[in-house]
Amino acid sequence: MSAPQHDLLCIGNAIVDVLAPVGQDLIDGLGAAAGSMTLIDAATAHAIESRVDIENVTGGGSGANTAVVAARMGAKVAYLGKVTADEAGDHFTRDIREQGITFPSEPLPAADGVPTARCIVLVTPEGQRTMFTYLGACTEFTPEDVHESVVADAAITYLEGYLYDKPQAQEAFEHAARLARKAGRQVALTLSDTFCVERHRAAFHELVAGHVDILFANEAELLALYEVTDFEEAVTQVAAETKLAVITRSEKGAVVIGEGERHDVPTTEVKVVDTTGAGDAFAAGFLAGLSKKHDLITCAKLGNQAAGEIITRYGARPTETFTLTA
């Protein structure tokens with residue numbers, strides 16, 4: 001088996017984040033609860049954008065955020081996700097490649113009429129973030145979008161649970177996992193959200209049992225996966241089903257179960273400004289640590305540090321290279 005060209009390949013929903021400062025009256029007029037996230041269609045996205053002054057457009061999406069943070073920590077990273085050949089898609093492509101990340105995905109033709117996904121983030125003067133998400137092109141990811149050579153050249157392929165909704169995306173996950181195994185590489189999965197777990201519990205169980213080497217989840221997602229209310233019971237079950245399970249517990253730090261051992265790794269308290277992207281950053285820190293051959297405790301410490309850095313500022317991505325200590 002040849003040495004991998006990339007430490008990490010992330011596969012997920014390719015989304016641009018559109019940030020705009022607004023007054024509370026606009027939030028009220030849109031009928032949204034402050035701080036909420038609402039799924040919308042393309043027409044609604046266009047209507048909202050026409051009513052605001054857009055301040056910033058950046059690449060986004062959970063898996064892409066993990067890719068960017070890992071790259072900032074020195075890992076060699078690739079990313080696969082679906083965009084359209086439109087202005088937003090061009091922005092996403094340019095943005096992620098500027099991070100030094102390999103992005104070989106082919107865009108959908110603009111003539112197909114499915115715009116690139118975007119998350120419109122409306123920020124009120126007090127810093128409250130209310131989000132409206134149009135999923136668009138990112139949900140069109142299929143097995144044909146999985147580049148065999150990129151998977152084969154990545155030490156770990158990391159699958160974003162948010163992408164798992166459509167049948168063709170589920171097929172793409174399984175295809176990527178099989179390619180990774182064929183090449184002697186590892187597969188990681190993040191459960192992403194309790195709603196994802198509830199929609200796809202049985203399929204996630206099959207995916208974990210049949211294809212996944214490393215499982216990332218927060219405490220609520222793990223409880224939802226096993227339909228229990230006791231954390232220790234969920235830990236016992238996941239330990240029996242996975243080679244390596246990494247569970248985040250917010251201010252309690254993380255629990256890592258692997259190599260026949262359990263490690264409870266505390267975190268350092270920080271002033272929380274915005275929790276958006278904390279789980280993405282944790283996974284990036286942990287996986288970047290693995291790429292440098294650190295032990296599991298050190299990987300969890302790096303994950304905790306990365307998440308701690310992200311939640312002290314607005315947004316899900318760092319503004320500079322991370323300098324974390326192992």
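Lys and Arg count here as positive and Asp and Glu as negative. On this basis the protein, a predicted model, carries 25 positive and 46 negative charges.

The protein has 11 helices and 13 strands. Its radius of gyration is 19 Å, close to the 20 Å that the globule rule gives for 326 residues, so the protein is as compact as a globular protein of that length. The C-alpha trace spans about 55 × 40 × 40 Å along its principal axes. Of the 326 residues, 55% count as buried. The exposed surface comes to about 14,000 Å². Carbon and sulfur atoms supply 50% of that area. Contacts were also sorted by separation in sequence. Among those between residues at least 6 apart, 72% join residues at least 24 apart.

Helix α3 covers residues 62–72. Of its 11 residues, 11 are buried, so the helix is largely enclosed by the rest of the structure. After α3 comes G74, which has a positive phi, near 100°.

Helix α8 spans residues 219–226. This helix is mostly covered, with 6 of its 8 residues buried. The buried residues are E221, L222, L223, A224, L225 and Y226. They pack against four elements: α7 (194–211), β10 (214–218), α9 and β11. L223 is found in α8. Its relative accessible area is 17%, and L223 is therefore buried, since the cut-off for that class is under 20%. Beyond four places in sequence, L223 touches V228, T229, D230, F231 and A234. L223 and G253 are 30 residues apart in sequence, and their C-alpha atoms are 17 Å apart in space.

The loop between α8 and α9 (231–241) holds E227. The phi of E227 is positive, near 55°, and E227 is not a glycine. Most residues other than glycine have a negative phi. E227 is exposed, with a relative accessible area of 61%. A second case is S250, in the loop between β11 (244–248) and β12 (254–258). S250 is not a glycine, yet its phi is positive, at about 55°. Its relative accessibility is 61%, so S250 counts as exposed.

Strand β8 (residues 154–160) contains T157. T157 has a relative accessible area of 0% and is buried. Leaving out residues up to four places away in sequence, T157 touches L9, I11, V151, A180, Q186, V187 and A188. T157 and V256 are 99 residues apart in sequence. In space, the distance between them is 19 Å, C-alpha to C-alpha.

E49 lies in helix α2, which runs over residues 42–49. Is E49 buried or exposed? With a relative accessibility of 18%, E49 counts as buried, because the limit for burial is under 20%. Setting aside neighbours within four places in sequence, E49 is in contact with V18, I54, R118 and I120.

Cysteines were examined for bonding. A disulfide is a covalent bond between the sulfur atoms of two cysteines. The structure holds 0 disulfides. C196 is in no disulfide, and the nearest cysteine sulfur, that of C138, is 12 Å away. C196 is buried, at 1% relative accessible area. What is the cysteine closest to C299, sulfur to sulfur? It is C10, at 15 Å, which is too far for a bond. C299 is also buried, with a relative accessible area of 0%. The cut-off used for a disulfide is a pair of cysteine sulfur atoms within 2.5 Å.

How values were computed
Residues numbered from 1 in each chain as written. Predicted model: local features only at pLDDT ≥ 70, side-chain atom pairs only at ≥ 80, totals over all residues. Heavy atoms only, no water. Helix = DSSP H or I, 4+ residues; strand = E, 2+ residues; numbered from the N terminus. Rg over C-alpha atoms; globule rule 2.2 N^0.38 Å. Buried < 20%, exposed > 50% of the residue type's maximum accessible area, 1.4 Å probe, protein only. Contact = heavy atoms within 4.5 Å. Areas by Shrake-Rupley, 256 points an atom, 1.4 Å probe, with all protein chains shown as cover. Charge placed at Lys NZ, Arg CZ, Asp CG, Glu CD.
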